[in-house]
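Hello,

Here is the structure I promised to pass on to you. Please have a look at it first, and then read my notes below.

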Amino acid sequence: MKSFPKPLTAEEEAWFLQKYKEGDLEAKRILIERNLRLVAHVAKKYQKQGEDAEDLIAVGTIGLIKAVSTFNHAKTNKLATYAARCVENELLMLFRSRKKISREVSLHEPIGTDKEGNEISLIDVIEGESEDVVERLELDRNTEKLYILLRDILTAREREILKMRYGLEGQKEMTQREIAAKLGISRSYVSRIEKNAVKKLREQFQEEM
C-alpha cells in the first residue's frame, strides 16, 4: 500500500467534497486518488480466493468512483465507510458474474452416469461438492455488519436479550420464558424487546443495502 497516496485528513476531505459538489471535477479526481488505499485494503480480503490483486483493485476502483459520485453527507458522516461498502458491492458483482458465466460454459454437458445409470453433468458435480464462495462472502459480511449494529444501535437490554435468544457471542440459545426467568421480567416483555430490537436491525440493514 506504500505506492498509494496518503488519505485525506477529515478537513481536506470535507473541503474537496464541497468543491466537487460545486462542480469541480479536479476535486473528484483527488477524492478518488486519495482513497485508493482503501480500495487496496478491501480488495486484500478477497485475494484469499486466488484472485489477482491488480484485477481486484481495478474493479474495486469502479466502486470507489461510484461512491464519490453518489456520496450523500446527510446519510453518513464518513466517505470511507460508504466507499468501502460500494467497493465490496462491486467485487461481489464481479464474483456473481463470473459464477453465472461459468455455469453457461458447457457445464450442462453430460460427463457420465451415476450408480443408478442416471446421466450426470459437470454442474451436478460442482454444485454437489463445492462451497458457494459468493454466498459465503456475503454471509461473512452480513455477520460482521450484524455485530456492528448490535453494538451501535441497540440498547444494552436489547443487546443482552438478543444474545441469549439467538446464542450470539458464545451465549447459550434460550427461550423467551428462560430469559424472562433469568432476568426477572415477564415473557411478554422479553417478546416486546426482542421484536423491537429485530425491527431496528432489519430497518438498518435495509437502509444500508
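Within what distance do the axes of helix H3 and H4 come, and at what angle do they cross? The axes of H3 (residues 36–44) and H4 come within 9 Å, and they cross at roughly 125°. Here axes are lines fitted to C-alpha atoms, for helices over the stretch in contact, and angles run from 0 to 180 degrees between N-to-C directions. H3 and H4 are therefore oblique to each other; angles under 35 degrees count as roughly parallel, over 145 as roughly antiparallel, 65 to 115 as roughly perpendicular and the rest as oblique.

Before going on, a word on the model. It is a predicted one, in which local features need pLDDT of at least 70 and side-chain atom pairs count only at pLDDT 80 or more, while totals for chains, interfaces and linings use all residues. Residues are numbered from 1 along each chain as its sequence is written, and side-chain values use heavy atoms, with hydrogens and water left out.

The whole chain

The protein chain has ten helices and two strands; helices (H or I, at least four residues) and strands (E, at least two) are DSSP runs, numbered from the N terminus. Starting at the N terminus, the order of the elements is α-α-α-α-α-β-β-α-α-α-α-α. The protein chain has 209 residues, and 33% of them count as buried (buried means under 20% relative accessible area, exposed over 50%, partly exposed in between, with a 1.4 Å probe and protein chains only). Among contacts with a separation of 6 or more, 55% come from residues 24 or more positions apart; contact means heavy atoms within 4.5 Å.

Around H4

Back to H3, which passes H4 in a right-handed crossing (a crossing is left-handed if the near helix is turned anticlockwise from the far one by less than a right angle, and right-handed if clockwise). On the H3 side, the contact is made by Leu36, Val39, Ala40 and Ala43, and on the H4 side by Leu56, Ile57, Gly60, Thr61 and Leu64. This contact of H3 with H4 has seven nonpolar, two polar and no charged residues. For these classes, Ala, Val, Leu, Ile, Met, Phe, Trp, Tyr, Cys and Pro count as nonpolar, Asp, Glu, Lys and Arg as charged, and the others, Gly among them, as polar.

Helix H2 (residues 25–33) also meets H4 (residues 53–70): their axes come within 10 Å and cross at roughly 135°. H2 and H4 are therefore oblique to each other, and their crossing is right-handed. Lys28, Leu31 and Ile32 of H2 make the contact with Leu64, Ile65, Val68 and Ser69 of H4. By class, the residues of this contact are five nonpolar, one polar and one charged.

H8 and H9

Further along, the axes of helix H8 (residues 156–166) and helix H9 (residues 176–183) come within 10 Å and cross at roughly 130°. That makes H8 oblique to H9, and the crossing of the two is right-handed. From H8, Arg157, Glu160, Ile161, Met164 and Arg165 take part in the contact; from H9, Gln176, Ile179, Lys182 and Leu183 do. These residues divide into four nonpolar, one polar and four charged.

Which residues of H9 are buried? They are Gln176, Ile179 and Ala180. These residues cover an arc of only 100° around the axis, which puts them on the same side of H9; the arc is that of the directions from the helix axis to the C-beta atoms. Arg177, Ala181 and Lys182 are exposed on the other side of H9. After H9 comes Gly184, with a positive phi near 75°.

Glu158 lies in helix H8 and counts as buried, at 6% relative accessibility. Leaving out residues up to four places away in sequence, Glu158 touches Ile153, Ile193, Asn196, Ala197 and Lys200. Glu158 and Asn196 are 38 residues apart in sequence and 8.2 Å apart in space, C-alpha to C-alpha.

Ala10 is in helix H1 (residues 10–21). Is Ala10 buried or exposed? At 61% relative accessibility, Ala10 counts as exposed. Ala10 and Lys78 are 68 residues apart in sequence, with 8.8 Å in space from C-alpha to C-alpha.

Tyr147 has its place in helix H7 (residues 133–153) and is partly exposed, with a relative accessible area of 31%. Not counting residues up to four places away in sequence, Tyr147 touches Leu168 and Glu169.

Enjoy exploring it!

Best wishes
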